[in-house]
Amino acid sequence: MAITRRYSKKREAIYNALAATCEHPSAECLYQKLKPEYPDLSLATVYRNLKEMVAMGDAICVGTIDGKERFDACSHPHAHLMCRGCGTVLDMELGSAWLAHCRETEDKHTFAIDPYGLHFTGLCRQCMEAAQAN
Ligand SMILES: [Zn+2]
Ligand SMILES: [Zn+2]
């Protein structure tokens, strides 16, 4: 029997806000964004819904930065660039050669690679410019 996922309006709004941004926001950040439109929304509700989305495979947690978990909606496999200066998280596309290499590696080791599990740390443009200015 087919099970229809029934999401609340708030859940949908949280997911849509997450899918619409490339900022990899924290629960707090999404809460601040949605609060004007949903005045009765609580931070706990945003957090709980994000956790549920992660559990169902609709979203991922890209990591904990400055003590805050940062989230991303699941779209296509991609890697992340994480700024160790300010916590900015950018998407990095994985080319077809890289994806083919991943598939070969999965076969070789019989290992399922997480499609969002790769990340690099470094410095973003703002942080590089700030470092040069000093
Ligand atoms: Zn930075
Ligand atoms: Zn991402």
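These legends walk through close-up views of a predicted model.

Residues are numbered from 1 along each chain as its sequence is written, while chains are lettered from A and ligands numbered from 1 in the order in which they are written. In this predicted model, local features need pLDDT of at least 70 and side-chain atom pairs count only at pLDDT 80 or more, whereas totals for chains, interfaces and linings use all residues.

View 1. Nine residues from domain 1 and seven residues from domain 2 make the contact, where two residues count as touching if their C-beta atoms, placed from the backbone, lie within 7 Å.

**View 2. The side of domain 1 that touches domain 2.** Strand S1 (59-65) and strand S2 (68-73) are the elements that give two or more residues to this side. Here strands (E, at least two residues) and helices (H or I, at least four) are DSSP runs, numbered from the N terminus. S1 gives the most, with four residues. By type, the residues of this side divide into four nonpolar, two polar and three charged. For this count, Ala, Val, Leu, Ile, Met, Phe, Trp, Tyr, Cys and Pro are nonpolar, Asp, Glu, Lys and Arg are charged, and the others, Gly among them, are polar.

View 3. Strand S3 (residues 78-83) pairs with strand S4 (residues 89-93) in the antiparallel sense over five bridges; pairing asks for at least two DSSP bridges between two strands. One of the residues to look for is Ala-79, whose bridge partner in S4 is Met-92. Five residues sit between the two strands of the hairpin, and Gly-87 in the turn has a positive phi of about 85°.

**View 4. The open sheet.** Three strands run in the order S4-S3-S5, with mixed pairing. S4 and strand S5 (119-122) are the edge strands, each pairing on one side only.

**View 5. Cys-29 in its helix.** Cys-29 belongs to helix H2 (residues 27-34). Cys-29 and Glu-93 are 64 residues apart in sequence and 24 Å apart in space, C-alpha to C-alpha.
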